[in-house]
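Today I am opening my notebook on a new structure. I will jot down what I look up, entry by entry, so that you can follow along.

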Amino acid sequence: MKLKGKKALITGGAKGIGKGIAAAFLNEGASVIICGRNELNLKAACNDLEDLGAVEYVVADISHLEDVRNLAEEIGAKWGSLDVLVNNASILGERKPIIEYPEEVWEEVIDINLNAQFFVTKALLPMLMKSKNASIINVSSSVGRKGKKEWGAYAASKFGVEALTQVLADELGETGPRVNSVNPGGTRTDMRAGAYPDEDPMTLPSPEDISPVFIYLASDESTGVTGKEFNARDWIGAK
C-alpha cells in the first residue's frame, strides 16, 4: 500500500473527482477526511467509501474563512498533522462570453475555485509542515493553462490555481511540503456534463481511472517533485 499511514484531506470530496481520489487513497491505506458544503452528499459518500478504509467528513464552505478555521481546528484535534492536501473543490460557473458574464457568478467562481484554495492551504500549512513528507495537490484544468472562449471565471480561477502552485512551491522549496498541479482532463463527472451536455459520458475516463497520478503525488515516490504540472490522462493505467 503506497499511502499506508498517511492522513489526507480532500476538498470537494463528496462526488466526482474528489470522491474518486478518496476511494483511491483509501485503497492505498490512507486515512481520509472529505469536506464539502452539502452534508447529505458527504454522508452518502462516506457510506459508499467506508468499506475501503477510515473515512470521515467535515461540513465546510471553504469560501468562508470561519468554516476553514473550523475545518483546520477539527483536523488538528483529530490528527495533529496532515500528510496530503488535495485542493479539489470547484464549481463551473457559466459558459458565456465575457461581455455577457454575470458579475455575481464571476465572484462566486473566483471565491470557491481560487480564494478558498488559498484559505485552506494557508490554514493547513502548519499541520502539513509537521509531516515528514507532505504533499499539496492542486486540481487545475486544461483551460487553466491555455484560455478558451466562453470559459470565463472558471479558466481565470484555474490560471490562478496554477500561479498559487508555482508561488507556494518556490516559497517552500524542496525541503517543505511539495506542491504540484494536476489537470484531470475530460472526466465522467456532473461538472463535465454541465459543460458539455451533448457529450457521451461513457467515452470519458471515470474519476477512479485518473487516480494514479494523485496516488503518485501523495506517496513518497514523488519526494522532491514540486512546482510541476501533471496531466492525469498521461497516468491512466499506471501502477
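**Entry 1: Glu150**

I looked up Glu150 and found it partly exposed, at 34% relative accessibility. For these labels, buried means under 20% relative accessible area, exposed means over 50%, and partly exposed is in between, with a 1.4 Å probe and protein chains only. Glu150 sits in the loop between strand E5 (135-139) and helix H5 (152-172). I noted that helices (H or I, at least four residues) and strands (E, at least two) are DSSP runs, numbered from the N terminus. The phi angle of Glu150 is near 65°, a positive value in a residue other than glycine.

**Entry 2: ground rules**

I am working with a predicted model, in which local features need pLDDT of at least 70 and side-chain atom pairs count only at pLDDT 80 or more, while totals for chains, interfaces and linings use all residues. Residues are numbered from 1 along each chain as its sequence is written, and side-chain values use heavy atoms, with hydrogens and water left out.

**Entry 3: the whole chain**

How many helices and strands are there in the chain? I found seven helices and seven strands. Starting at the N terminus, I read the order of elements as β-α-β-α-β-α-β-α-β-α-β-α-α-β. The radius of gyration is 17 Å, close to the 18 Å that the globule rule gives for 239 residues, so the chain is as compact as a globular protein of that length. Here the radius is taken over C-alpha atoms, and the globule rule is 2.2 Å times the number of residues to the power 0.38. Along its principal axes, the C-alpha trace spans about 50 × 35 × 35 Å.

Next I checked burial and found that buried residues make up 51% of the 239 residues. For contacts (heavy atoms within 4.5 Å), I looked at those with a separation of 6 or more, and residues 24 or more positions apart account for 70% of them.

The accessible surface comes to about 11,300 Å², and 49% of that surface belongs to carbon and sulfur atoms. These areas come from the Shrake-Rupley method with a 1.4 Å probe; for residues, only the protein chains shown count as cover.

I also looked up charges: the chain has 26 positive and 34 negative side chains, and the centres of the two sets lie 5 Å apart. Lys and Arg count as positive and Asp and Glu as negative, while His and the chain ends are not counted. The place of a charge is NZ of Lys, CZ of Arg, CG of Asp or CD of Glu.

**Entry 4: aromatic rings**

A search of the whole structure gave me six aromatic pairs. One of them joins Tyr101 and Trp106, whose ring centres are 5.6 Å apart with planes at 90°, so I wrote the pair down as edge-to-face. Rings of Phe, Tyr and Trp (its six-membered ring) pair if their centres lie within 6.5 Å; planes under 30 degrees apart count as stacked, over 60 as edge-to-face and the rest as tilted. Tyr101 is buried at 6% relative accessibility, whereas Trp106 is partly exposed at 31%.

The rings of Phe118 and Phe119 have centres 5.8 Å apart and planes at 55°, so that pair is tilted. Phe118 is partly exposed at 40% relative accessibility. I also found Tyr216, Phe230 and Trp235 together in one aromatic cluster.

Is Thr187 buried or exposed? Thr187 counts as buried, at 2% relative accessibility. I located Thr187 in the loop between strand E6 (178-183) and helix H6 (190-195). Leaving aside residues up to four places away in sequence, Thr187 touches Ile17, Arg192, Leu204, Pro205, Ser206, Pro207 and Ile210. From Thr187 to Leu204 I count 17 residues in sequence and 5.4 Å in space, C-alpha to C-alpha.

Ser206 belongs to the loop between H6 and helix H7 (212-218). Ser206 is buried too, with a relative accessible area of 11%. With residues up to four places away again not counted, Ser206 touches Thr187 and Arg188.

I found Thr223 in the loop between H7 and strand E7 (229-231). Thr223 is partly exposed, with a relative accessible area of 47%. Which residues does Thr223 touch, not counting those up to four places away in sequence? They are Asn133 and Arg178. Thr223 and Thr175 are 48 residues apart in sequence and 9.6 Å apart in space, C-alpha to C-alpha.

Last, I looked up Gly76, which lies in helix H3 (residues 65-78). Gly76 is partly exposed, at 27% relative accessibility.
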